[in-house]
Structure formats: structure tokens, C-alpha cells
Amino acid sequence: MGQITSTGLISGLDTDSIIQQLIAIESRPKTNLEQRNTVLAAQQTAYQTVNAQLLSLRNASSRLVTDEAFEATNATSSDE
């Protein structure tokens, strides 16, 4: 059997447009969550980058705590 559709011919309303707008309104929360998820993922990446750089700085600075880092080396001159 064929499907009978009424696209506002009887009422004069553009039902296709109304339906599309309703679908768009219904999908807004999902779209907003997807956008928020994208922003949070970018922030997470930025925090991870900063964290890695801070860990690298901490590791580099931990070598400065030892006396060996500041021990003087003996130098000799070829022209006394």
C-alpha cells in the first residue's frame, strides 16, 4: 500500500519545515554536549602538556640539589 502524506495542503502549514525545526530543537542538547566534549578534550590535552613540561622541569631541577652540580673543577693554565 502506498503512503499518504499531507504536507500542509489542507491546513496551509509547511509541515515539513515545522518537523525539521522540531528535530533541530530536539538535537540541540546533543550538539551542545558534543561541543562541550570537544572543548574539554582540548583542555585536557593542554593540561597534560603543561604537566609533562612541569615534570621535565622538576626532573631537571632535582639534579641541582646535589653538591656535584656545584663542585668546582680544577683548571690548569698552559701559560703560568
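Trainee: Is Ile-18 buried, partly exposed or exposed?
Mentor: This is a predicted model, to begin with. Ile-18 has a relative accessibility of 37%, so it counts as partly exposed. Buried would need under 20% and exposed over 50%.

Trainee: Where does Ile-18 sit?
Mentor: Ile-18 is in helix H1, which covers residues 15–62.

Trainee: Which residues form a nonpolar patch with Ile-18 on the surface?
Mentor: Leu-13, Leu-22 and Ile-25 form the patch with Ile-18. Together the four have about 360 Å² of accessible area.

Trainee: Changing topic. How many salt bridges are there?
Mentor: The count is 1. The side chains of Lys-30 and Glu-34 make that contact, at 3.9 Å from N to O. The cut-off is 4 Å, so the pair counts.

Trainee: How many residues apart are Lys-30 and Glu-34?
Mentor: They are 4 residues apart, about one turn of the helix, and both belong to H1.

Trainee: And is Lys-30 buried or exposed?
Mentor: Lys-30 is exposed, because its relative accessible area is 55%. Glu-34 comes to 43%, so that residue is classed as partly exposed.

Trainee: Back to the whole chain. How many helices and strands are there?
Mentor: The chain has 1 helix and 0 strands.

Trainee: What share of the residues is buried?
Mentor: Of the 80 residues in the chain, 1% are buried. The accessible surface totals about 7900 Å², and carbon and sulfur atoms account for 55% of that surface.

Methods:
Residues are numbered from 1 along each chain as its sequence is written. This is a predicted model: local features need pLDDT of at least 70, side-chain atom pairs count only at pLDDT 80 or more; totals for chains, interfaces and linings use all residues. Side-chain values use heavy atoms; hydrogens and water are left out. Helices (H or I, at least four residues) and strands (E, at least two) are DSSP runs, numbered from the N terminus. Buried means under 20% relative accessible area, exposed over 50%, partly exposed in between (1.4 Å probe, protein chains only). Accessible areas come from the Shrake-Rupley method with a 1.4 Å probe; for residues, only the protein chains shown count as cover. Patches are made of residues with over 30% relative accessible area and no salt bridge: like charges are joined within 9 Å, nonpolar side chains (Val, Leu, Ile, Met, Phe, Trp, Tyr) within 5 Å.
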